[in-house]
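Biologist: I should like to learn how to read a structure of this kind. May we go through it feature by feature?

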Amino acid sequence: METEFPIYRILDDAGHVIDTSKTDLLTKDLSLALFTHMNRIRTFDRKAINLQRQGRLGTYAPLEGQEAAQVGSAYALQDKDWIFPTYRDHGATLTFGADMVRTFLYWNGRVEGCVPTDELHIFPPAVPIATQIPHAVGAAWAEKRKGTTHVAIAYFGDGATSEGDFHEGMNFASVFQTPVILFNQNNGYAISVPIQKQMHSETIAQKALAYGMPSIRIDGNDVFAVYFTMLEAVERARSGGGPTLIEAVTWRFGAHTTADDPSKYRDQERSHDRVDPITRLEDFMKEQGFYDEQEIEAIRNRHQQEVEAAVKTMEAFPPPDVNDLFDHTYATLPDDLLRQKTDYLTARGN
Amino acid sequence: MATPINRQTEMTLVQAVTDALRTKLTDDETTLVLGEDVGKNGGVFRATDGLQEEFGEDRIIDTPLSEAGIVGTSIGLAVNGFKPIVEIQFLGFIYPAYEQIMTHVSRIRMRTMGRYGVPMVIRAPYGAGIRAPEIHSDSTEALFTSMPGLKVVCPATPYDAKGLLIAAIEDPDPVLFLESMRSYRAFKEPVPSESYTIKIGKAKYVTEGQDVTLIAWGAMVQVAQKAATEAATRGISCEVIDLRTLYPLDRSTIAASVQKTGRAVIIHEAQATGGLGNDLIALINDTSFLYLRAPIARVTGFDVPVPLFALEDHYIPTPTRVLEAIQRTVDF
């Protein structure tokens, strides 16, 4: 099946263009836009790990190594589309327009971090595995019923493909031909379990065959491959062509979360030998003459400042309101819950 | 409460369910019915009979056999403008969807601070007593009454079924709507043709009495009534309360009744351990402890899985067992 589902790439590891049919589309503007998002989420990600190490943030799920997959996919979406992330997809949601302060707040245990920005349709990150896939299918189904051209995307990892909800979501997506993109980031590991122990299939993309669904396996560390593949899948969905499964083969450089040590289950030296998706894009830009040191440096500085400012705002955020413990459980609090709240607050002099 | 009654029809509980669905499908174009065999077949209990002909395949949707898929995709529909009314064929088959209900349906309002709600109704036939095959007879309501964010409703009569189902569909929050299979066609009563709602969270006095409060829901209401009739011949006056909503509980009605009678017998089909009866005992303890003249009694299923049907009559509470509990309570 690796032959039937070859890994599609536009760039090779060194950033040379392999798919020359796309050369004209790989403009400086696009390169810079993608680089900017990738650098921004990496800056966020590294800062979040540091904050966690200093006890200033809760347990955090790093995404370094997956920037191309997350940015390339989210950058292909439009404002009215729906995004259903997991806990490792804040790179995608930030690219889509999620607020950075709220993203930090989420990792600091604040429910405010789950509330999407303004009118953007960003679902709170799914913590159970694969459960968000049927949600995305349902939201896309709703768009189809309303006759719009908006689409939904579900993010999920390789481990999720072992869950029933992945298969149930795939089946509903194809039976009802909903405008959804099932975006898999195959980063090689479900916490400590390698993909070879996760499944007997050679690829994840082939699983779509069983559902009569188009699918493609791509290099998830080649941001152009991700972006142009997504554009095609999004266009198919918008024009009534139904769902697509995309397997973006990528690599998580670090730990599953800040609570585990990946050197226990794999050789981290080898892990770091992998080509960095940002370096690959930079190599491409250098080769094309798109890489202006000063411009890049300015982007880096801007992101440093943005992240530092977001941390400041997050840390200065008003303390949690105990009313929020109760008030959003139901549209109107049942009497008994209201009594529990009143008793608790009264006993504490509120 | 009920609007003025102009026309009414004698209906069974299952017919009242269909009538409520038809009412809301007509009223509200965002309502959808989804489930296994709900379309052409009209549902295994015919609760959706004729609805696909009337409202089309686009709104009465035969889904794949996939409970988590049905509930999971309905979440997406619900947060994006629709009101899915999901039929799970039997409560005993809901467990694949339990994760979706537990981790998403019930929590999305809380997790998004109200930005997204899940106005979804999950209908599920439940309970033993109709000689159904294995696993078809579960009464696991307590798995859901202990789930914050969800409401659980269980009508005992056709009139209540229609009013409560309409209220459930109109509720901005998710509601699990339990339909007693044994009550589906047990009796008919007049049901208004108009749309009306019964407030979720309100119990009902079925019979007023002085000596013992009997608390039941679903099929057990009739069992309690039979026991009450029998007890009356012994000079014991029972007050029968039909809970109607299992979460949130109607604290004031239960407390008022127990404070009057000083005795309570709780009847449910579910196992004793972890059953809703225990929450009712806690509620009575919290509100009415000093009014009690006897320990609160429970008549429940046993701490065993619901048996294959050859033994189900031993499992389900009977009027005789309820009567024994009433007598013990009075004799205390």
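**Reading the model**

Modeller: A:Val322 is partly exposed, its relative accessible area being 31%. Please keep in mind that this is a predicted model. The residue A:Val322 sits in the loop between α11 and α12 (323-326) of chain A.

Biologist: Which residues make a nonpolar surface patch with A:Val322?

Modeller: The patch is made by A:Val322, A:Leu325 and A:Tyr344, and its area is about 270 Å².

Biologist: Let us turn to helices. How many residues does helix α11 of chain A have, and what should they span?

Modeller: One begins with the general idea. An α-helix has 3.6 residues a turn, so residues three or four places apart point the same way. In this structure, helix α11 of chain A runs over residues 293-315; at 1.5 Å a residue its 23 residues should span 33 Å, and the end C-alpha atoms are 33 Å apart, which agrees.

Biologist: Which residues of α11(A) are buried, and what covers them?

Modeller: The buried residues are A:Ile296, A:Ile299, A:His303, A:Val307, A:Ala310, A:Val311 and A:Met314. Their cover includes α1 (28-53), α4 (100-107) and α10 (277-288) of chain A.

Biologist: Which residue caps the N-terminal end of α11(A)?

Modeller: That residue is A:Asp292, which has a side-chain oxygen 3.0 Å from the backbone nitrogen of A:Gln294.

Biologist: Why is α4(A) described as largely enclosed by the rest of the structure?

Modeller: Seven of the eight residues of α4(A) are buried, so the helix is largely enclosed by the rest of the structure. They are A:Met100, A:Val101, A:Thr103, A:Phe104, A:Leu105, A:Tyr106 and A:Trp107. Among the elements that cover them are α1, α3 (90-96) and α11 of chain A, together with α5 (108-111) of chain B.

Biologist: What is found at the start of α4(A), and what follows the helix?

Modeller: At the start, a side-chain oxygen of A:Asp99 comes to within 3.4 Å of the backbone nitrogen of A:Val101. After the helix comes A:Gly109, which has a positive phi near 80°.

Biologist: How should I read a salt bridge?

Modeller: One looks for a side-chain nitrogen of Lys or Arg within 4 Å of a carboxyl oxygen of Asp or Glu. By this rule there are 38 salt bridges over all chains. One of them joins the side chains of A:Glu247 and A:Arg217, at 3.1 Å from N to O. This pair links distant parts of the chain: A:Glu247 is in strand β8 (residues 244-249) and A:Arg217 in strand β7 (residues 215-219) of chain A, 30 residues apart. Both A:Glu247 and A:Arg217 are buried.

Biologist: Which residue forms a salt bridge with B:Lys24?

Modeller: The partner is B:Glu170, with the closest N and O atoms 2.8 Å apart. B:Lys24 belongs to helix α1 (residues 13-27) of chain B and B:Glu170 to helix α7 (residues 158-170) of chain B, so the pair ties together parts that are 146 residues apart in sequence. B:Lys24 is buried, at 6% relative accessible area, whereas B:Glu170 is partly exposed, at 38%.

Biologist: Are B:Arg123 and B:Glu87 buried or exposed?

Modeller: Both B:Arg123 and B:Glu87 are buried. Their side chains meet in a salt bridge, at 2.9 Å from N to O. B:Arg123 lies in strand β5 (residues 121-126) and B:Glu87 in strand β4 (residues 83-87) of chain B, so the pair ties together parts that are 36 residues apart in sequence.

Biologist: Which residues are linked in a network of salt bridges?

Modeller: Such a network links A:Arg42, A:Arg46, A:Glu64, A:Glu67 and A:Asp276.

Biologist: Finally, what should I note about the backbone?

Modeller: A:Ala130 is not a glycine, yet has a positive phi of about 80°. This residue, A:Ala130, is in the loop between β2 (121-122) and α5 of chain A, and is buried, with a relative accessible area of 1%. B:Asp37, also not a glycine, has a positive phi of about 65°; B:Asp37 is partly exposed, with a relative accessible area of 37%. As for omega, the peptide bond from B:Tyr247 to B:Pro248 is cis, with a value near -5°. B:Pro248 is in the loop between β12 (245-247) and α9 (251-261) of chain B.

Technical notes:
Residues are numbered from 1 along each chain as its sequence is written. Chains are lettered from A and ligands numbered from 1 in the order in which they are written. This is a predicted model: local features need pLDDT of at least 70, side-chain atom pairs count only at pLDDT 80 or more; totals for chains, interfaces and linings use all residues. Side-chain values use heavy atoms; hydrogens and water are left out. Helices (H or I, at least four residues) and strands (E, at least two) are DSSP runs, numbered from the N terminus. The expected span of a helix is 1.5 Å times one less than its number of residues. Buried means under 20% relative accessible area, exposed over 50%, partly exposed in between (1.4 Å probe, protein chains only). Contact means heavy atoms within 4.5 Å. A polar contact is a pair of N or O atoms within 3.5 Å; within protein, one must be able to donate a hydrogen and the other to accept it, and residues adjacent in sequence count only if both atoms are side-chain atoms. Patches are made of residues with over 30% relative accessible area and no salt bridge: like charges are joined within 9 Å, nonpolar side chains (Val, Leu, Ile, Met, Phe, Trp, Tyr) within 5 Å. Accessible areas come from the Shrake-Rupley method with a 1.4 Å probe; for residues, only the protein chains shown count as cover.
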